Amino acid sequence: MKKNEYVQFLTEETLKYMHMSKQEKLDRRVERPSKRSSSYWFGILPFALKVMKRKWQKHS
């Protein structure tokens, strides 16, 4: 992506956000995943480790 296209994209997205109503912004914020979730920060790795741990505990 060229520099000019990137600036144009950012400008368009900023204007879209500025023209949103307060309720739309609130709805958009609520839809985001929680940053407290370990999968948000580390992907699926923590989930996979939990599943493997449970599996090992069942077989022991």
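Patches are made of residues with over 30% relative accessible area and no salt bridge, where like charges are joined within 9 Å and nonpolar side chains (Val, Leu, Ile, Met, Phe, Trp, Tyr) within 5 Å. The model examined here is predicted, so local features need pLDDT of at least 70 and side-chain atom pairs pLDDT 80 or more, while totals for chains, interfaces and linings use all residues. Residues are numbered from 1 along each chain as its sequence is written, and side-chain values use heavy atoms, leaving out hydrogens and water.

Leu45, Leu49, Met52 and Trp56 make a nonpolar surface patch of about 450 Å², with accessible areas taken from the Shrake-Rupley method with a 1.4 Å probe, and only the protein chains shown counting as cover for residues. Methionine 52 has its place in helix α4 and is partly exposed, at a relative accessible area of 37%; buried means under 20%, exposed over 50%, and partly exposed in between. Helix α4 covers residues 45-59, helices being DSSP runs (H or I) of at least four residues, numbered from the N terminus. Because the number buried among the 15 residues of α4 is 1, this helix lies largely in the open.

Turning to charges, the structure holds 1 salt bridge, meaning a side-chain nitrogen of Lys or Arg within 4 Å of a carboxyl oxygen of Asp or Glu. Glutamate 13 and lysine 16 form this contact at 3.3 Å, N to O. Both residues lie in helix α1 (residues 3-18), 3 residues apart, about one turn of the helix. Glutamate 13 is partly exposed, with a relative accessible area of 32%.

Terms used
Helices (H or I, at least four residues) and strands (E, at least two) are DSSP runs, numbered from the N terminus. Buried means under 20% relative accessible area, exposed over 50%, partly exposed in between (1.4 Å probe, protein chains only). The expected span of a helix is 1.5 Å times one less than its number of residues.
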